[in-house]
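Good morning, colleagues. Please look at the sequence and the structure while I take you through a few of the details.

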Amino acid sequence: MTASDPKTKSISLKDYGIKNERAHYQLTPDELHEITIKKGMGREASSGALAVSTGEFTGRSPMDRFIVKDEITEDKIWWGKINIPFESDKFDALYDKVIAYLNDKELFVRDCYSCADPDYRMNIRVINEYPWSNLFVYNMFLRPDEEDLKDFEAEWTVINAPGFYAEPEIDGTRQHNFAILNFSKKIALVGGTGYTGEIKKGIFSALNFILPVYKEVLPMHCSANIGEAGDTALFFGLSGTGKTTLSTDPLRKLIGDDEHGWTKKNSVFNFEGGCYAKVIDLSEEKEPEIYQAIKKGAILENVVMDDAGVVDYTDSTVTQNTRVSYPIYHIENIQEPSIGDNIKNIFFLTADAFGVLPPISKLTPSQAAYHFISGYTAKVAGTEAGVVEPVTEFSACFGAPFMPLHPTVYAEMLSKKMKESGVNVWLVNTGWTGGPYGVGTRMKLKYTRAMIHAALSGKLGLYTYDTYHIHSVFGVAQPRECPGVPTSVLSPRATWNNDDAYYKTAFKLSNAFRHNFKKFESYANEEIRRGGPQRYAF
Ligand code: ATP
Ligand code: MN
């Protein structure tokens, strides 16, 4: 193992072929914050947080995510547009180039781990070119104590060189940036992009292979929290549907906001040690816990702020995907360690920009499996003419870009676990009400929270004709009443005030579901197929 010394805060990287005598090791958040500012790579916001620009990339680049095809991965990975193969020899050559590039750089090294359950802990070493990326790693991964560091052996290594540009024709990449997983060498190689999310989602993708294949753990793209009665809730959903927002709940202890594993002991554990929240339009009034977590130690990405360091959270000039990362202890009400058992409720979050799905509905086991495989949400995309139209997005397991195995592997594991533990599964539309995007409005966060609290505390009642209405198109059970929510909001059709337009749009969505599901039809049994919409347009 490479000699490291937490006291002198330096480490030799000779074992990696990096000639640079000493690299910074295990610097404190304060030190990294200071160094970043001194180097002119960031500014301190009035909240005390460090504000940085991630450069050319302000989001992940799924088309530049590769997996090395070798003995370990060849037969197991679901190869295709999501999991793009990379040649082993090409990886070795590119790795050498990245190492040569890092040779004369001032580097920042951090030993950390993922998976809060000691039975599944995975030690990781991250080598960063930039100090603020290393602070991100401090925030987002789990933090070993001094005792742990004495004989720390890293299982996986992340090499993160944002300033290194690949040459596609020679290196075998698509363009100058890349994130490549090598399961034989246990290396995640990230270059040409400073977007920090690539680091965390790189390790997430690795775990999404390792845990189900070797450890019988179901990895999930979901957030989790636990109530006073010790009941755990999971929130699945694609980006922007509310995983971070809704799991951060003053009434419940936060377990984690993005990545969890469900063990054979029937407990869930967080993979991470921090949160990565969207901050576009963030307000203290609506999301006080996240707002207050933005203080010294946190990193704001790509926000716009004035000379006094006051951030304008409504400003999307740099990107709509403005973010903050903070260690989980910046949130007051947390579960320590980040593990929960007694899983009682699962929420599938979708931001339906068509505004046709009920704001909350209860799913049967068949519907739960169907919706998990479908992984629906909608995006709002502008067209050249300035017309804004919602576009469906289907992403299996609510996280296809991070799932190296075939989606049915995860779906079958989840179905089995849902049945064994008898959880309630809810579909929650955090998107539009009263019409599609452009006509209706986004569902009030206050209402979504009230619906979730009602579901969690059993206030939505038993599943009977008196308490629930079966949606004629989607077949899901829509509660007739919900404490804290006006009854009119519970029926999307009623909020439209235009049955014709409502059903036309609902059929458009049910057809999109059917079309998307075609690729899974041959894998899905009759039970799962029954979980789809009940009616389609012809
Ligand atoms: P990612 O996977 O990218 O981290 P996420 O699922 O964690 O995404 P959030 O960060 O929680 O998504 O983003 C949800 C966004 O939608 C927040 O900006 C939140 O303020 C906003 N929002 C508006 N209305 C609602 C609602 N009714 N429910 C949930 N979120 C809402
Ligand atoms: Mn999130």
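How much area is buried between domain 2 and domain 3, and what percentage of it do carbon and sulfur atoms give? The model before you is a predicted one, and the computed value is about 710 Å², with 60% from carbon and sulfur atoms. The general background is brief: the size of an interface is often given as the accessible area lost when the parts come together.

Let me place that interface in the chain. The protein is divided into domain 1 (20–36 + 65–215), domain 2 (218–262 + 342–531) and domain 3 (276–330). Between the centres of domain 2 and domain 3, taken over C-alpha atoms, there are 26 Å. Domain 2 brings 12 residues to the contact, and domain 3 brings nine residues. On the side of domain 2, Thr244, Thr248 and Leu445 account for 41% of the area buried against domain 3, more than any other three residues.

I turn next to an open sheet. Its four strands run in the order β13-β17-β18-β24, with antiparallel pairing. The edges are held by β13 (218–220) and β24 (339–341); each has a single partner strand, so one side of each has no neighbour in the sheet. On average, neighbouring strands are turned by 20° against each other, direction ignored. Within the sheet, β17 (residues 260–262) and β18 (residues 267–270) pair over three bridges in the antiparallel sense. Histidine 260 has asparagine 270 in β18 as its bridge partner. Helix α10 (residues 407–421) packs on this sheet, where it touches β13 and β17, and its direction makes about 100° with that of β13.

Two individual residues remain. Is threonine 430 buried or exposed? Because its relative accessibility is 5%, and buried means under 20%, threonine 430 counts as buried. This residue sits in the loop between β29 (424–429) and β30 (432–433). A polar atom of its side chain lies 2.8 Å from the backbone oxygen of threonine 241. Leaving aside residues up to four places away in sequence, threonine 430 touches several others, including Leu246, Leu349, Arg442 and Met443.

Finally, tryptophan 132 belongs to helix α3 (residues 131–140). At 2% relative accessibility, tryptophan 132 also counts as buried. Its contacts, again without residues up to four places away in sequence, include Thr36, Met41, Leu50, Gly194 and Ile299. Glutamate 147 is 15 residues from tryptophan 132 in sequence, and their C-alpha atoms are 25 Å apart in space.

Terms used:
Residues numbered from 1 in each chain as written. Chains lettered and ligands numbered in written order. Predicted model: local features only at pLDDT ≥ 70, side-chain atom pairs only at ≥ 80, totals over all residues. Heavy atoms only, no water. Helix = DSSP H or I, 4+ residues; strand = E, 2+ residues; numbered from the N terminus. Buried < 20%, exposed > 50% of the residue type's maximum accessible area, 1.4 Å probe, protein only. Polar contact = N/O pair within 3.5 Å; in protein donor to acceptor, adjacent residues only side chain to side chain. Contact = heavy atoms within 4.5 Å. Pairing = 2+ DSSP bridges. Axes fitted to C-alpha atoms, helices over the stretch in contact; angles between N-to-C directions. Domains from an automatic or database assignment. Buried area = accessible area lost by both parts, 1.4 Å probe.
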